[in-house]
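Let us walk through this structure element by element. Keep the sequence and the 3D view side by side.

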Amino acid sequence: VVEQSDGYKLIRHIGAGIAGPLWSAEGPAGRAAMRRFSSSAPQGGEEWIAERTHFIQAGKQAIKFKHPRVVEVLEVIDDESDAWIASEFVELETLDAALKRGRLPADRVTAIVRTLAMTLDQAHRSNLVHGDLKPSCIFVDAAGQVRISDFAISPLARRNSRGEMDAAGIHPYLTPEHLI
């Protein structure tokens with residue numbers, strides 16, 4: 001056990017990304033994935049405060065959206081010393097891992113893309129944009145089940161103090177959602 005905080009007992013570090021480290025945890029409703037806010041900006045500075053605000057804001061946007069094909073955000077924890085986003089823990093393999101094993105059959109790719117398109121359409125109708133969709137954010141199984149994760153770190157919520165999109169450090173490309 002690594003740490004205990006706000007009813008979640010962190011079990012092990014399972015990954016990291018631009019929004020911070022990811023942990024598996026046990027929480028009030030069972031197993032959860034916990035993303036901890038992280039920033040390379042000096043703590044307490046304007047950039048750090050803006051990034052932390054965006055992290056929390058994105059979590060609060062995502063917690064409102066419930067869809068069977070989206071990994072559910074369970075809770076946003078915001079206290080003076082730390083910020084976390086608790087999400088449902090998904091046991092499925094990422095599309096990234098599946099693709100590293102080899103090409104997928106065309107019918108499976110078609111099913112995955114169709115499900116992604118319909119799910120993203122529903123999210124967009126609810127004014128929620130992923131903004132960072134990539135194979136490591138898509139969970140799949142052999143039966144064709146698809147789940148999208150990380151809406152809670154949407155770059156749409158990453159705006160600088162002037163309200164402009166801050167795409168620095170995200171990717172060398174921009175999705176159409178960044179133009180909104």
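How many residues does helix α1 have, and how far does α1 reach from its first C-alpha to its last? Helix α1 covers residues 46-63 and has 18 residues. From first C-alpha to last, α1 reaches 26 Å. That is close to the 26 Å expected at 1.5 Å a residue. The model is a predicted one.

Step back to the whole chain for a moment. The protein holds 3 helices and 9 strands. Read from the N terminus, the elements run β-β-β-β-α-β-β-β-α-α-β-β. The protein has 180 residues, and buried residues make up 42% of them. The accessible surface comes to about 9,900 Å². Carbon and sulfur atoms account for 52% of that surface. Now take the contacts between residues at least 6 apart in sequence. Of these, 49% join residues at least 24 apart.

Return to α1 and its buried residues. They are Trp48, Glu51, Arg52, His54, Phe55, Ile56, Ala58, Gly59 and Ala62. Against which strands do the buried residues of α1 pack? The partners are β4 (30-36), β5 (73-78) and β6 (83-88).

A search of the whole structure finds 2 aromatic pairs. One of them is Phe37 with Trp48: the ring centres lie 5.6 Å apart and the planes stand at 75°, so the pair is edge-to-face. The pair links distant parts of the chain, with its residues 11 apart. Phe37 sits in the loop between β4 and α1, while Trp48 belongs to helix α1. Are these two residues buried or exposed? Phe37 is buried, and Trp48 is buried too.

Next, follow the strand pairing around β4. Strand β3 (residues 20-27) runs antiparallel to β4, and 6 bridges join the two. A hairpin of 2 residues connects β3 to β4. Within this pairing, Glu26 has Arg31 of β4 as its bridge partner. β4 also pairs with β6, again in the antiparallel sense, over 5 bridges. There, Arg35 stands opposite Ile85 in β6.

Stay on β6, which contains Ser87. Why does Ser87 count as buried? Its relative accessible area is 14%, and the cut-off for buried is under 20%, so Ser87 qualifies. Which residues does Ser87 touch, leaving out those up to four places away in sequence? Ser87 contacts Ala32, Ala33, Val71, Glu72, Val73 and Leu74.

One more sheet remains to be visited. This open sheet has 3 strands in the order β7-β8-β9, with antiparallel pairing. Its edge strands are β7 (93-94) and β9 (146-148), each of which pairs on one side only. Strand β8 (residues 138-140) pairs with β9 over 3 bridges, in the antiparallel sense. Here Val140 stands opposite Val146 in β9. Which helix packs on this sheet? Helix α3 (residues 106-125) does, touching β8 and β9. The direction of α3 makes about 40° with that of β9.

Conventions:
Residues numbered from 1 in each chain as written. Predicted model: local features only at pLDDT ≥ 70, side-chain atom pairs only at ≥ 80, totals over all residues. Heavy atoms only, no water. Helix = DSSP H or I, 4+ residues; strand = E, 2+ residues; numbered from the N terminus. Expected span 1.5 Å × (residues − 1). Buried < 20%, exposed > 50% of the residue type's maximum accessible area, 1.4 Å probe, protein only. Contact = heavy atoms within 4.5 Å. Pairing = 2+ DSSP bridges. Axes fitted to C-alpha atoms, helices over the stretch in contact; angles between N-to-C directions. Areas by Shrake-Rupley, 256 points an atom, 1.4 Å probe, with all protein chains shown as cover. Phe/Tyr/Trp six-rings, centres within 6.5 Å; stacked < 30°, edge-to-face > 60°.
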